[in-house]
Amino acid sequence: MTEFRVWAPRPSLVRLDVDGATHPMTRSDDGWWHADVETAPDARYGYLLDDDPTVLPDPRSGRQPDGVHARSQLWDPAGARWADGDWSGRSVHGAVIYELHVGTFTAAGTFDAAAEKLDYLVDLGVDFVELMPVNSFAGTHGWGYDGVLWYSVHEPYGGPDGLVRFVDACHARGLGVLIDAVFNHLGPSGNYLPRFGPYLSSASNPWGEGINIADADSDEVRRYIIGCALRWMRDFHADGLRLDAVHALVDTTAIHILEELATETDWLASQLGRPLSLVAESDLNDPRLITARDCNGYGLTAQWADDIHHAIHTAVSGERQGYYADFGSLATLAETLRHGYFHAGTYSSFRRRRHGRPLDTNSIPATRLVAYTCTHDQVGNRALGDRPSQNLTAGQLAVKAALALGSPYTAMLFMGEEWAASTPFQFFSSHPEPELARATAEGRKAEFAEHGWDADEIPDPQDPQTFLHSKLNWDEVGSGEHARLLSVYRELIALRHHDADLADPWLEHLTIDYDEEQRWISIGRGRLRIACNLGSEPTTVPVAGEVVLAWGEPKVGTEGTVLEGHSFAILSLREQA
């Protein structure tokens, strides 16, 4: 006997369809409908609301073998075969995270194909794999941020069984797994949740209607979100979540949903006996997210630090458009590396207002912020989806890597950056509805046309070639400058893991010097200094010592270290000139 339950306070009648047979359901006062039915373990089912003959998928569906518009299929996590009983987990603090998109990481674009590359990631030295969203969304391919059935796993990737195999394979190699979870909006195709109940709020965000987490009848919606989050970590053994755009979660209640989620996650961690991490993406520069709950914070594990990305990228690349306008100088880079945020109650010209709040670096370690030079956003949201490797020299890429991986922050890479992948990562989708497909393509072109781009140059996200062009080309990994940069990434990560000074998480111990005119900057803790020349001409950095790792051929002399243009050297100090 299988128990079917669905929260549906809006319709006056709900019936259960199992493999084409209709069964009555009983409603409780709290809006939940119930039915117990004899079924096969892999039965296809859905719900009929009122007099509509369309069978709708289960909002808590475990599997959608035929896509988000079709019937759900029973999937019991208790039947999953795990071999990670000895996995004790690992902390995300100070780790190196590797963000990847399952569909473009390999030619096959599946969990099983991605698992075949895990030995490569172990050799690279990363600690965590972060999967871009794997929940069910409409179409065969997309970024995953338009999910509509949050509890199920995208079938073209391999469905729930494929995810189980992938996580199990990661744990067998000592790799933790983070899953990107999107709780701030629902996708435009296949979103049937409003038919069942008040899942949407009166608020909106750039991606559509907001989620009802604070309006009337929101308690059950909050439980839906938290239940989904815990499911990834409990049923799929994920070691944590990356929480997408939490600034779009409009919560006016006394206990913010992020605090509630962090409390529930810590409880689950205690039950499982292994650490679980919540890493937020936030546009707020608000340290309350990563402040302990007993200090009136939300108690999240870490958050992405876009200011660090902007400061590094602009200083190296020279780009200044849009939200990069306030960044670019070495003074800005130094300020950001010292304090984690650049905008900390200061004026943002992009926002045309004050932004952010200072981080208490005496009580919050740097490892609660995640530093990176690439993310899916910072590449894919460019007009052409071009990577820094398509615009910068190998030396510039090496300098960016040294600044991020040599910093005291938790570090993250975006797939392929470590070998300067030549393939773009473009915005792609596969909406099945012609009108939505056309609107998506036209909207993308119009958005960038406003910023001076020729609309004909913007890739059509609905064109299958846009998706195919974004797949990594693994044939280039071992050749030329690709192989040279990959070797440096490996050495940077190894040094980060094994050197006690680089592991120091306290920003008050960070030393930074720079020369705006000569275009050099040096950062360090303890005996180590990372000297970088961001200019194209040779320059002398007043730091001397034994060269531990370098890009280029540094020459250490009595006045300091001479660095070639676009190069770096990590030095173990004898003395500082």
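**Cavities and a pocket in a predicted model**

Let me start with a helix. Helix H7, residues 257–272, contributes most to the lining of the second largest cavity, with 3 residues. Keep in mind that this is a predicted model.

Staying with that cavity. Its volume is about 70 Å³. The residues lining the second largest cavity are Ala181, Phe183, Ile225, Leu243, Asp244, Val246, Leu249, Ile257, Leu258 and Leu261. By class, that lining has 9 nonpolar residues, no polar ones and 1 charged.

Now the wider search. Over the whole structure, 5 cavities of 30 Å³ or more turn up. The largest cavity holds about 100 Å³ of space. Which helices each supply at least two residues of its lining? Helix H11, 394–405, and helix H14, 480–498. The lining includes Leu397 and Lys400, along with Leu485 and Tyr489. Thr373, Cys374, Arg387, Pro388, Ser389, Glu417 and Ala420 line the largest cavity too.

Two or more lining residues come from each of strand S1 (2–7), strand S6 (44–49) and helix H6 (219–234). S1 provides the largest share of that lining, 4 residues. In total, 24 residues line the second largest pocket. Nearest its centre lie Tyr45, Leu74, Trp75, Asp76 and Pro77. How does the lining of this pocket divide by class, and how many residues are charged? There are 9 nonpolar, 4 polar and 11 charged residues.

Key
Residues are numbered from 1 along each chain as its sequence is written. This is a predicted model: local features need pLDDT of at least 70, side-chain atom pairs count only at pLDDT 80 or more; totals for chains, interfaces and linings use all residues. Side-chain values use heavy atoms; hydrogens and water are left out. On a 1 Å grid over the protein atoms alone, a cavity is a set of points where a 1.4 Å probe fits but cannot get out, and a pocket is an open set with protein on both sides within 12 Å along at least five of seven lines; lining residues have an atom within 4 Å of a point. Grid points are joined across faces, edges and corners, and a volume is the space filled by probe spheres set on the points. Ala, Val, Leu, Ile, Met, Phe, Trp, Tyr, Cys and Pro count as nonpolar, Asp, Glu, Lys and Arg as charged, and the others, Gly among them, as polar.
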